[in-house]
Amino acid sequence: MTHPLRLTVNGHPHDVHLEDPRPTLLDVLRDRLGLTGTKKGCDRGQCGACTVLVDGRRVNSCLTLALSVDGAEITTIEGLARNGSLHPVQAAFVAHDGFQCGYCTPGQIMSAVGLIAEGGAGDDPARIREGMSGNLCRCAAYPGIAEAVRDAQQRMAKSDGEPA
Ligand code: FES
Ligand code: FES
C-alpha cells in the first residue's frame, strides 16, 4: 500500500507516493524531490538547519512527518530568489558576511524570513537573537547573521517585502 502526498513546493505541485508513512518532510524534500538546499544537521529538532516554511510558518522539517503536511504550501531556500534577484534576506546575508560553515545558512535564512513575516524583532539585538534562537550558529559569523536579519527587516518594511 502506498500513501499519496501532494505538496506545493516553491509554487510547483508535486505528487509523491510513499511506500512507508514515516518519512519526514526533510527527507521527502531532499531524497524524493532533489531539493538539497535544506540541510540535515542534527535530525532531531535541535539545530534548525532543516528550517522551511509550511503555509508561511517556520518549522523544523526533520520533526515534521511528510504526511502531516499533505496539501500544504512549502517554501525552501530554493524558492526565495525571484527573477534572478536574491531575496532581501539572502542579499543581507551576503552584505553582512553571515556565512562561515554555510551548512546552517539555509535554515538561518528561512528562519529569518519567517521571523520577519511574523512581525520581525525590531532593532533590539537581544530580540533578534531570541527570535533566531532555534537556529544554531554561535561561530564567528553569528554577529553578521544577527546584523543581516536587522538590516533585511528594515529594508523589507520599507519595500513591503518586495525584493529590491
Ligand atoms: S536537522 Fe532539523 S533541527 Fe537539526
Ligand atoms: S555559519 Fe554555520 S555555524 Fe556559523
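Modeller: Let us begin with S3 and S4, which pair in the antiparallel sense over four bridges. The model is a predicted one, in which local features need pLDDT of at least 70 and side-chain atom pairs count only at pLDDT 80 or more, while totals for chains, interfaces and linings use all residues. Residues are numbered from 1 along each chain as its sequence is written, chains are lettered from A and ligands numbered from 1 in the order in which they are written, and side-chain values use heavy atoms, with hydrogens and water left out.

Biologist: Why are S3 and S4 called paired strands?

Modeller: Strands are DSSP runs of E with at least two residues, and helices are runs of H or I with at least four, numbered from the N terminus. Two strands pair if DSSP finds at least two bridges between them. S3 and S4 have four bridges, so they meet the criterion. One of the bridges sets threonine 51 against asparagine 60 in S4. The two strands form a hairpin with two residues between them, and aspartate 55 in the turn has a positive phi of about 50 degrees.

Biologist: How do you know that S3 also pairs with S5?

Modeller: Two bridges join these antiparallel strands, and at least two are required. Valine 54 has isoleucine 74 in S5 as its bridge partner.

Biologist: What makes S2 and S4 the edge strands of the sheet?

Modeller: The open sheet has five strands in the order S2-S1-S5-S3-S4, with mixed pairing. Strand S2 (12–18) and strand S4 (57–60) each pair on one side only. Seven bridges join S2 to the antiparallel strand S1 (residues 3–9), with threonine 8 opposite proline 13.

Biologist: How do you know that both faces of S3 are covered?

Modeller: Thr51 and Leu53 on one side, and Val52 and Val54 on the other, are all buried. Buried means under 20% relative accessible area, exposed over 50%, and partly exposed in between, with a 1.4 Å probe and protein chains only. In a regular strand the side chains alternate between the two faces of the sheet.

Biologist: Which strands does helix H3 lie across?

Modeller: Helix H3 (residues 105–117) lies across S3, S4 and S5, and runs at about 35 degrees to S3. Axes are lines fitted to C-alpha atoms, for helices over the stretch in contact, and angles run from 0 to 180 degrees between N-to-C directions.

Biologist: Why is the meeting of arginine 58 and glutamate 118 called a salt bridge?

Modeller: The term requires a side-chain nitrogen of Lys or Arg within 4 Å of a carboxyl oxygen of Asp or Glu. The N to O value here is 2.8 Å, so the pair qualifies. Arginine 58 lies in strand S4 and glutamate 118 in the loop between H3 and helix H4 (125–131), so the pair ties together parts that are 60 residues apart in sequence.

Biologist: How many salt bridges are found in the whole structure?

Modeller: The search finds nine. Among them, arginine 6 and aspartate 15 have their closest N and O atoms 2.9 Å apart. Arginine 150 and aspartate 123 meet at 3.6 Å, N to O.

Terms used. Contact means heavy atoms within 4.5 Å.
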